[in-house]
Amino acid sequence: MPRLNFDMDEASLLKVYKINTLNPQKWEEIDHDLEDSVAGALMTPSGYNENDMDPLGLGGSVNVKEMDMESKASVLITSKSFDPKAFLTAVHPNATYQDLAAGISHLQNSIEARSEAIRILVEENFDRFVAVKASTDAIHAEMKEGILEPSTDYASKPLRDQLKQAAQKADQVFLPVLENASKAQKLRTTLGVFERSRFFFNLPSFIIESIEAGRYEIAMRDYKKGKYLLESRPGQLLPIGNIKDGATSIAAEQQQGRVLEKVWSSVEKAMSEMRNVLYSQLQDSTRSVDEQEKTLEVLIELQSSDDPVWTYFDSQHKHILDQMNSTYRTAVVAVEATIQKSSADATDSDSLTVILAKQLQATVVALETKQLDAVIAKSAGEAVWLAIHELVKNISDFWKISKGFMDGKLKKVVSSGTRRSPTQCRTMASEIVKLFISLISEFFKLSDMAVMAGSSNSALPPHIPKNSHSLSTAHYLMKILGELQECVNEINSMEISSEASSSLKGLIDSAKWRFEDILINAWVRDAGIFYYVEAWISSSTDRVATHYLAQIELFQRQVTTAGFKIAGGVDLFASTVSKTSKQDVIPQAFVSKIVKAFLDSLYAFLDGLVQLASDESPIATGKQLVGEPLPLSGPNMLELLDLTDSDVRMLLVISNLGHLSTAIIPSMLTQLENAFGISIAEDRQTFMSVVRELDKTLFERYLEPKAIILKGIIRSGIIDPAMDWYETPQPTEIRPYMYETLMFLVGIHAQVCSAAESLLERVLNALVEELAEEALRCFRQVKRFGMGGMLRATLEIEFMHQTLLRYVTTSAEKTLSDLYNKISQAYAKRPGDENLQASLDGVKKTLAETRRATGVEFLCFRQTKSNSTRSAVAGSRREKEGSSRTGKDVK
């Protein structure tokens with residue numbers, strides 16, 4: 001890009017902006033070419049170079065750009081105010097006389113050279129100068145003979161002719177304009193006459209504009225005003241003046257009448273169009289009652305031949321009936337489509353169970369974390385519930401339109417000269433009520449509450465989603481029932497008829513009963529699969545149970561509360577406004593229904609506990625649910641257990657059953673009794689009996705295989721073919737079978753302590769009893785004992801007895817006593833058995849040494865500190881009894 005040259009001298013700036021100085025103090029505009037100014041004198045002629053400013057040829061130069069404008073004007077030889085003295089002072093301040101003389105000579109030579117150049121130029125082009133002069137003279141002669149000849153008045157005649165033609169053309173153009181101006185003046189005169197009646201003559205356009213803008217009241221006002229003027233003051237609208245001639249006066253009046261009639265016919269045409277528009281609006285169902293009321297008032301003022309009030313009523317009545325039927329059919333199709341789409345995953349009962357179990361797990365966790373609102377409605381059947389709610393809501397919304405039938409705002413309209421009785425509105429409203437009840441009853445399969453209560457067929461409506469868990473079902477049932485209640489309240493506020501109010505009350509009662517059936521069905525079903533929620537987490541409040549029991553209690557409380565609300569315990573419509581709704585007493589039939597469902601669900605929970613203990617448990621079959629972890633207040637000790645082991649699960653379930661029977665079940669039943677003000681003592685007793693029986697069954701199922709193993713070990717040691725109880729020598733040790741027996745019990749002790757320590761005493765007490773009874777049965781098969789056999793049997797049984805002393809019950813104590821007596825009775829004394837004391841000392845020593853040697857192995861069987869004193873006394877007593885029994889046997 002080339003560099004721009006921004007060099008500009010002062011003179012150029014002054015000339016461009018037409019100012020006298022670069023610092024002007026007032027407005028001025030100077031033409032430097034015409035006026036004698038410094039800037040004008042400085043303007044450089046074309047082709048002049050400031051660097052060639054020394055005409056003396058002495059080689060001197062000065063930078064004129066740094067001079068002010070006046071100094072520059074006196075130095076430049078092209079300036080009009082050139083000053084030789086200033087030039088010499090500025091350019092040749094140091095020149096000598098000889099230099100100046102030489103400069104004068106140089107200047108004269110330059111001037112002569114230029115004069116010679118001019119002379120040569122003239123000589124060389126002289127013929128051209130002559131030719132130009134001759135051409136100029138010839139052109140002047142020709143103009144005198146042609147354009148400027150006298151016959152054309154020296155070229156002025158053609159101009160005059162053109163002006164005449166222009167005048168004619170102007171007449172052709174402007175005369176019609178002047179004539180129109182004259183007509184316009186006449187029109188203005190005429191309009192002045194009509195100025196006072198401008199409103200009347202513009203009335204058709206005013207009315208049309210008002211109709212197009214929807215300002216029907218203004219159109220009606222203008223119409224009335226125009227009609228009044230036409231009927232009362234036609235002379236003011238179109239004055240005819242004072243005409244003395246009778247015939248002329250009659251003609252003027254007729255002309256006036258035709259003009260006014262023509263204007264008024266246009267008005268009536270516009271009003272007829274407005275009437276048609278208003279009638280079409282009456283049949284528009286989307287308009288509000290207030291808008292329709294205004295339309296009716298306008299139509300009645302128009303004095304239409306048709307009855308606008310009943311046109312509106314008939315149209316709305318037909319529209320509501322058609323729309324309710326249409327909406328119902330559309331909504332049913334939408335519900336069916338949603339059911340088909342949402343149930344695609346639940347292809348069989350197993351997949352449906354898994355889907356419901358996952359939903360229950362997420363919902364129960366939300367209940368515990370108090371985030372129920374965000375989760376409770378979420379279920380696989382949510383889309384279906386939303387479609388059902390939309391169906392009920394759409395049908396109910398039509399009452400906001402039909403309410404105008406009996407609205408007080410329309411009473412003044414209904415009484416305005418109608419040919420039909422206003423009571424027909426009640427008939428229309430009753431028909432809509434019947435259709436509303438019919439559609440709701442058809443969808444939910446409703447009938448009279450007494451009929452449904454006495455019927456054994458409790459089949460659910462086909463459009464209820466099967467893949468919706470009970471809490472989601474309860475949520476939407478309450479929401480739908482609240483919508484129905486709101487609708488019924490609005491209808492009842494119209495006071496249509498006592499029959500309609502009674503029918504609507506029956507609808508609400510039937511809906512409550514049917515909704516209870518739907519909820520209870522889902523409730524009991526979910527209770528049967530609730531065992532999938534068991535996450536095997538230890539309870540933070542009770543070490544003997546899992547957190548699953550607290551979840552059961554929470555679930556029961558939530559669903560029971562929902563059942564109470566659906567039954568009418570809380571006004572569901574009011575509860576959406578105020579959280580502190582008043583609780584009402586519900587009918588006894590609903591109480592019995594809810595209590596029965598509560599107990600049925602408890603029995604279903606018991607069945608779930610059995611499932612958890614069986615081989616069909618989800619954690620054993622790989623169907624354990626994985627969901628959001630519960631917020632734990634401490635470590636989960638059950639994580640260390642092998643929950644795939646059926647024995648571990650059995651112990652946990654038995655421990656849960658114990659906690660259920662002692663704490664959870666009594667508390668829930670008491671809360672149920674207090675909430676409904678009833679007593680279910682008989683049902684409580686029956687249920688607790690079932691719990692105890694189930695506990696006994698599960699405990700025996702756990703105990704039996706252990707008892708069989710123990711019996712097999714003890715029998716193999718006592719009824720050993722290689723063991724001769726009569727010939728065996730005096731014992732110096734305890735045989736291995738007894739260690740094996742006790743070590744097996746150590747394993748059971750460890751298993752029970754890790755899973756359900758509260759069952760430890762119960763389990764070992766039962767096993768010790770079985771062990772003692774089996775030992776007695778085996779020793780009864782021994783015919784006789786020698787001294788060594790009797791001491792060995794006593795040593796081994798006494799070792800077991802003292803080791804397991806903590807878990808020896810009264811029954812086991814009696815069995816062992818019988819066993820000692822049996823050994824004593826079967827003792828057959830032989831010669832050489834006189835050294836009794838030495839034998840007893842040896843047995844005691846062996847027993848003591850063995851106890852010390854196995855103290856660590858069997859440490860788990862020792863008494864706690866609280867029982868140490870009693871244990872020591874019992875052990876001392878037992879040793880004395882053993883010694884006395886042995887001494888007695890020897891004698």
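The model is predicted, and local features need pLDDT of at least 70, side-chain atom pairs count only at pLDDT 80 or more, and totals for chains, interfaces and linings use all residues. Residues are numbered from 1 along each chain as its sequence is written, and side-chain values use heavy atoms, with hydrogens and water left out.

**Whole chain**

The chain holds 35 helices and 0 strands; helices (H or I, at least four residues) and strands (E, at least two) are DSSP runs, numbered from the N terminus. Buried residues make up 42% of the 891 in the chain, where buried means under 20% relative accessible area, exposed over 50%, and partly exposed in between (1.4 Å probe, protein chains only). Of the contacts in the chain with a separation of 6 or more, 77% are between residues 24 or more positions apart; a contact means heavy atoms within 4.5 Å.

**Two helix pairs**

Axes are lines fitted to C-alpha atoms, for helices over the stretch in contact, and angles run from 0 to 180 degrees between N-to-C directions. Angles under 35 degrees count as roughly parallel, over 145 as roughly antiparallel, 65 to 115 as roughly perpendicular and the rest as oblique.

| Helix pair | Axes come within | Crossing angle |
|---|---|---|
| H5 (97-124) and H6 (126-145) | 4 Å | roughly 60 degrees |
| H23 (498-528) and H24 (548-569) | 9 Å | roughly 170 degrees |

With that angle, H5 and H6 are oblique to each other. Val122, Glu123 and Glu124 of H5 meet Phe126, Asp127 and Phe129 of H6. By class, this contact has 3 nonpolar, no polar and 3 charged residues. Ala, Val, Leu, Ile, Met, Phe, Trp, Tyr, Cys and Pro count as nonpolar, Asp, Glu, Lys and Arg as charged, and the others, Gly among them, as polar.

H23 and H24 are roughly antiparallel to each other. The H23 side of their contact includes Phe515, Leu519 and Trp523, and the H24 side includes Phe555, Val559 and Ile566. The residues of this contact divide into 8 nonpolar, 4 polar and 3 charged.

Leu507 lies in H23 and is buried, at 3% relative accessibility. Beyond its neighbours within four places in sequence, Leu507 is in contact with Phe436, Ile437, Ile440, Ser441 and Leu446.

Thr561 belongs to H24 and is partly exposed, with a relative accessible area of 35%. Thr561 and Ala675 are 114 residues apart in sequence, and their C-alpha atoms are 9.5 Å apart.

**Arg735**

Arg735 sits in the loop between H29 (681-718) and H30 (736-756). Its relative accessibility is 14%, so Arg735 counts as buried. The side chains of Arg735 and Glu796 form a polar contact of 2.8 Å, and a polar atom of the Arg735 side chain lies 2.9 Å from the backbone oxygen of Gly717. A polar contact is a pair of N or O atoms within 3.5 Å; within protein, one must be able to donate a hydrogen and the other to accept it, and residues adjacent in sequence count only if both atoms are side-chain atoms. Not counting residues up to four places away in sequence, Arg735 touches Gly717, Ile718, Met723, Trp725, Arg792 and Glu796.
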